[in-house]
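These are my notebook entries on one structure, kept in the order in which I looked things up.

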Amino acid sequence: VIAAALVVQLCAVATDVLMAVAPVPVMIDGVTGARVHMLRWCEFAPLAFLMTLLTEGGDMANDPDTGVRQAYILALLQGASTTFGLIFPFAPGVKSWIFCLCCALALFLPIFFRLAAKKAKVRGMNPKGRTYRRSVLCLRLLIVEVVVWTMLVVGFLCANVLPALLSSFPKLKNPAVTMVYDCAMDVIAKVIYMALIVNVHDAMFSQAGSVGGAGSGASSRNLGRGGGEQPTLEEIKMKEARRQLRKQKRAEKERREARKAEKKAAAAAV
């Protein structure tokens, strides 16, 4: 997580430095007339994939069968949706531009279905279960992700489409509008959201570590057996019931052997 966070921050810093000190490609959208800073979208697209994957990564262990596949699918969809920011300036006409917009929105919308599915999953979990707290943290992080990417989509529409529709307001066509939007999303997505991802992952892993090393004796034995987490109350009760059952069977076997020994002794005396 820390390595991925450093990659995100370094890419953002490198992009900002290049845009500040070197000539970078800037295109004019043929449909909306807005300026498109290509280097910024070259940064947004892969980092959208990586940050979505980090968001889903905390909950992979709770669903080992399909969790990894769902995480990569959702991350690829978000990355592909963001990639259309690079394609819009090359659209030859209004119809192709609208088609690209519809494709981008279609790739973006599955994140809401993922949010609804995760909410239903958390509601159906046992609040006393070992993985409940981790799932709640991942759900909250997913909510923040949905808010951030929705802001990205709404901001893009406001900065690029709205000025073209409201031609009576020339101030909206200021070339600085798109730059302000890009910089604002860079701060929100790369600084605030990325810091939240790291903090949530730290909380989950530190919680697992504290649970695993909270006690000695029985807890150490559980860790030695590869449990990694403190057993729940139900597991302790089941373990105690099995121990009592083995004890009863052992006592019954000893009584049977004692009766057999008494019978043999009585037969020998006769």
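**Ground rules.** I am working with a predicted model, in which local features need pLDDT of at least 70 and side-chain atom pairs count only at pLDDT 80 or more, while totals for chains, interfaces and linings use all residues. I number residues from 1 along each chain as its sequence is written, and my side-chain values use heavy atoms, with hydrogens and water left out.

**Overall layout.** I assigned helices (H or I, at least four residues) and strands (E, at least two) as DSSP runs, numbered from the N terminus. For the protein chain this gave nine helices and two strands, and reading from the N terminus I wrote down the order α-β-β-α-α-α-α-α-α-α-α. I called a residue buried under 20% relative accessible area, exposed over 50% and partly exposed in between, with a 1.4 Å probe and protein chains only; on that scale 34% of the 270 residues in the protein chain are buried. I took the accessible surface from the Shrake-Rupley method with a 1.4 Å probe, where for residues only the protein chains shown count as cover, and the protein chain came to about 15,800 Å², with 68% of this belonging to carbon and sulfur atoms. I then looked at contacts, meaning heavy atoms within 4.5 Å: of those between residues at least 6 apart in sequence, 71% join residues at least 24 apart.

**Helix H2.** I looked up the geometry of H2, which covers residues 38–57. Its 20 residues reach 29 Å from the first C-alpha to the last, close to the 28 Å expected at 1.5 Å a residue, the expected span being 1.5 Å times one less than the number of residues. I also noted a kink of about 30° in H2, centred on Leu47, where the bend at a residue is the angle between axes fitted to the seven residues ending there and the seven starting there. How many residues of H2 are buried? I counted 15 of the 20, so H2 is largely enclosed by the rest of the structure.

I first recorded the pair Arg40 and Glu43, whose closest N and O atoms are 3.5 Å apart. Arg40 and Glu43 sit three residues apart in helix H2, and therefore about one helical turn separates them; both Arg40 and Glu43 are buried.

Next I looked at Arg114 and Glu56, whose side chains meet in a salt bridge at 2.8 Å, N to O. Because Arg114 lies in helix H5 (residues 110–123) and Glu56 in helix H2, this pair ties together parts that are 58 residues apart in sequence. Arg114 is buried, at a relative accessible area of 19%, and Glu56 is buried as well, at 2%.

I then found that the side chain of Lys118 also meets that of Glu56 in a salt bridge, at 3.6 Å, N to O. Lys118 belongs to helix H5 and Glu56 to helix H2, so the pair ties together parts 62 residues apart in sequence. Lys118 counts as buried at 2% relative accessibility. I noted finally that salt bridges with shared partners join Glu56, Arg114 and Lys118 into one network.

Is Thr52 buried or exposed? I found Thr52 in helix H2, and at 0% relative accessibility Thr52 counts as buried. Its side chain makes a polar contact with the side chain of Glu145 at 3.0 Å; for this I required a pair of N or O atoms within 3.5 Å, where within protein one must be able to donate a hydrogen and the other to accept it, and residues adjacent in sequence count only if both atoms are side-chain atoms. Leaving aside neighbours within four places in sequence, I listed Leu74, Ala75, Gln78, Glu145 and Trp149 as the contacts of Thr52.

Phe49, also in helix H2, is partly exposed at 26% relative accessibility. With neighbours within four places in sequence again left aside, Phe49 is in contact with Tyr72, Ala75, Leu76 and Gly79. The C-alpha atoms of Phe49 and Ala75 are separated by 4.6 Å, although the two residues are 26 apart along the chain.

Key
A salt bridge is a side-chain nitrogen of Lys or Arg within 4 Å of a carboxyl oxygen of Asp or Glu.
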